[in-house]
Amino acid sequence: MKLNEAGHKAVTASSIATQNERLNEEKATLATTVTEMEGQLATMSKTELELKNELATATSAVEELTEKLEAADKAGEAGSRETNSALNEQKRQVKFLEQENLQLMLEIKDVKKQASTARAELE
């Protein structure tokens, strides 16, 4: 019985040694995988930081362009108001000159009529 027990212990020890060797190989493989993943994580963290910086820069540029656009819109509106105001003033001046021209034409007509009447009296 002792021989059988010794054989069983030898098989068990051999099995444990084989299992231990397999587990050590797995451990080495997993350690390599962990190292690779840590490297990937570091790269991804660096990339994430770079992308966050680029996003901040882009966001700042968008805000700056938005402010410039708003300023341009305001300037355009102000220019439009000034143009409308200038056009209204010009129309008012043209209307005034037309009225003045009409008045002068009526006065010339009266003066011609008076001159014609005076000429007729002199003849």
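A salt bridge is taken here as a side-chain nitrogen of Lys or Arg within 4 Å of a carboxyl oxygen of Asp or Glu, and in this structure Glu 64 forms one with Lys 68, their closest N and O atoms being 3.4 Å apart. The model is predicted, so that local features need pLDDT of at least 70 and side-chain atom pairs count only at pLDDT 80 or more, while totals for chains, interfaces and linings use all residues. Residues are numbered from 1 along each chain as its sequence is written, and side-chain values use heavy atoms, with hydrogens and water left out.

**Overall form**

- The secondary structure of the protein chain comes to one helix and zero strands, where helices (H or I, at least four residues) and strands (E, at least two) are DSSP runs numbered from the N terminus.
- The protein chain has a radius of gyration of 51 Å, whereas a compact globule of 123 residues would have one near 14 Å; the radius is taken over C-alpha atoms, and the globule rule is 2.2 Å times the number of residues to the power 0.38.
- Along its principal axes, the C-alpha trace of the protein chain spans about 175 × 20 × 15 Å.

**Exposure and charge**

- Of the 123 residues of the protein chain, 0% count as buried, with buried meaning under 20% relative accessible area, exposed over 50%, and partly exposed in between (1.4 Å probe, protein chains only).
- The protein chain exposes about 11,400 Å², of which carbon and sulfur atoms supply 59%; accessible areas come from the Shrake-Rupley method with a 1.4 Å probe, and for residues only the protein chains shown count as cover.
- There are 16 positive and 23 negative side chains in the protein chain, and the centres of the two sets lie 4 Å apart; Lys and Arg count as positive and Asp and Glu as negative, while His and the chain ends are not counted, and the place of a charge is taken as NZ of Lys, CZ of Arg, CG of Asp or CD of Glu.

**Salt bridges**

- A search of the whole structure finds four salt bridges, and, in general, side chains of opposite charge can pair when their charged atoms come close.
- One of them joins Arg 22 to Glu 26, with the closest N and O atoms 2.8 Å apart; because these two residues are four residues apart in helix H1 (residues 2-122), they are separated by about one helical turn.
- Both partners of that pair are partly exposed, Arg 22 at 42% relative accessibility and Glu 26 at 39%.
- Another joins Glu 48 to Lys 52, with a closest N and O separation of 3.5 Å, and this pair too is four residues apart in helix H1, or about one helical turn; Glu 48 is partly exposed, with a relative accessible area of 41%.
- The pair of Glu 64 and Lys 68 likewise lies in helix H1, four residues apart and thus about one turn of the helix, and Glu 64 counts as partly exposed at 42% relative accessibility.

**Negative surface patch**

- Glu 63, Glu 67, Glu 70, Asp 73 and Glu 77 form a negative surface patch; patches are made of residues with over 30% relative accessible area and no salt bridge, like charges being joined within 9 Å and nonpolar side chains (Val, Leu, Ile, Met, Phe, Trp, Tyr) within 5 Å.
- Glu 63 has its place in helix H1 and is partly exposed, with a relative accessible area of 45%.

**Separations along the helix**

- Ala 42 is found in helix H1 and counts as partly exposed at 47% relative accessibility, and the C-alpha atoms of Ala 42 and Glu 82, 40 residues apart along the chain, are separated by 59 Å.
- Ala 120 also has its place in helix H1 and is exposed, with a relative accessible area of 52%; the C-alpha atoms of Ala 120 and Glu 63, which are 57 residues apart along the chain, are separated by 84 Å.
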